[in-house]
Amino acid sequence: MKIVEASKVMDKMPIAEQKVTVMLAGPGHETVFYQMQPPFLSDTRFVISTHATQWSNFEQSLSQMRPDLVVVQVEVAPGPDALIQVLAEIQVWRGVAILILPPAIRELRAQFENAAIVRGVYIAPVNWGEIAQAGYAAVITERAKAAATAPMQQAYLSRSAGAIIGTRVVAFVSATGGTGRSTIAESLAYELSVRMNVRSLLMSFDLPPTAAPHFKMRYVPSAMEYFARPGDGFGASIQSREGMDVLLAPENSVDYQKAAEYSISHKSEADSIYSLVMASWTRNYAAVLLDLPAGEQPWSMQGIAAANTAVIVTRCTLADMVAARHTLILLLERLIGEHRIPRESICLVLNQVTDNSMISVRGFYDELVNGYGWAPPVVAVIPYTPAIIHAQDQQVPAVTRVEELAKGIHNLADFLFPGAVTSILDNRNGRGHKSKLRIPRFRFT
């Protein structure tokens, strides 16, 4: 039977009747085969798909075999960070992990327990029969969650080429127009895709989509290809510029409005705006950047509902301060019953800042804190310069022409992918590998 056909048969079986594939990993042959393996071999609910007694074999076999359950004695790994990073890959296929720690490093238990894919951390010596039972229960629970969730709503994480783990689906939002939201989203997409070689997708959802004139693109193909053929139509909707993938909203006002009206009452359907964005989760992008229209119309709200990160683009004006507060209320309060982006995944970009602004950067932030009680971090401050518009009018990526913009975009990229982007930039500039998180510093006046 072919693997694909076998997978379909498994999907149709009741959850409790499906075999659990397990990978056993530990330091040495005796540990894995004589301590860990016996209870799993004697339990007909399990199939041992692979073993690993060395770290290099563990990394390779994990991605090849895609087990439902990974049971690891952590001494096999070179360190906790390396193990957590590699295990993050199993979220792609909704796998789970059980970890066994030696008593000497029991203080690391909390660090491992905080990893999203870990379902149990035990201190050796352990009863391996109990470990098998705990692993089985964890897998069945995960399968039940998956069965209760619409396929297009599952957030699959994956490894990308830039040593970046996970998919950031970033909603660029503003309650008012004119803040430069599209400029920031487009600049980050170009910087990540073209200059940093991080696989990214820009979704330009304005009417008309601004990415088309800025990047010398046609208005067709667009999201209409996906709406006509959900699933295989996703690839047909994509255009590319220098290796940067772009998906445009329809330029035709009638099509744009029809998609919006349909998506309001058919959000969970495969041909809705929400499902269009969710489809990007399964395409192995490290970053999906949503340039969403200002306000709270369906093209914006359904994009936010499918995102896990939000960038509020604003200016140092009184009106924009009020608008930023309104956006925080939307993200953290009004959408709490439907979808909530956590506070730690929200940031501010202050754009078009000038020395003559009546409200300083620090003043803006303090007033936002006073008005709402909390404000996200300011990760980039970008000064106003006509050179940005000049570059866009010449259909040249502004981030390649304006140094002030490029600096702000680098800070934003480092917030979204801490350490990894810094490493990419350092390697590109011949300065070796660095993995420390760089926090951008701002001088408030």
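How much space lies in the second largest cavity? In this predicted model, the second largest cavity holds about 40 Å³ of space. Its lining is formed by S174, A175, T176, T179, I312, V313, T314, D320, A323, A324 and T327. Two elements, β11 (309-314) and α14 (318-334), each give two or more residues to this lining, and α14 provides the largest share, with 4 residues.

In total, 2 cavities of 30 Å³ or more are present in the structure. The largest cavity contains about 80 Å³ of space. The residues T183, E186, S187, H214, F215, Q392, V396, P397, A398 and V399 line the largest cavity. Helix α7 (residues 181-195) makes the greatest contribution to that lining, with 3 residues. The lining of the largest cavity is made up of 5 nonpolar, 4 polar and 1 charged residues.

A helix pair was also examined. The axes of helix α3 (residues 55-65) and helix α4 (residues 80-87) come within 10 Å and cross at roughly 20°. Angles under 35 degrees count as roughly parallel, and α3 and α4 are therefore roughly parallel to each other. Their crossing is left-handed. On the α3 side, W55, F58, E59 and L62 take part in the contact, meeting A82, L83, V86 and L87 of α4. The residues of this contact divide into 7 nonpolar and 1 charged, with no polar residues.

How values were computed: Residues numbered from 1 in each chain as written. Predicted model: local features only at pLDDT ≥ 70, side-chain atom pairs only at ≥ 80, totals over all residues. Heavy atoms only, no water. Axes fitted to C-alpha atoms, helices over the stretch in contact; angles between N-to-C directions. Parallel < 35°, antiparallel > 145°, perpendicular 65-115°, else oblique. Left-handed = near helix turned anticlockwise from the far one by under 90°. Contact = heavy atoms within 4.5 Å. Nonpolar A, V, L, I, M, F, W, Y, C, P; charged D, E, K, R; others polar. 1 Å grid on protein atoms, 1.4 Å probe; cavity = no way out; pocket = protein on both sides within 12 Å on 5 of 7 lines; lining within 4 Å. Points joined across faces, edges and corners; volume = space filled by probe spheres on them.
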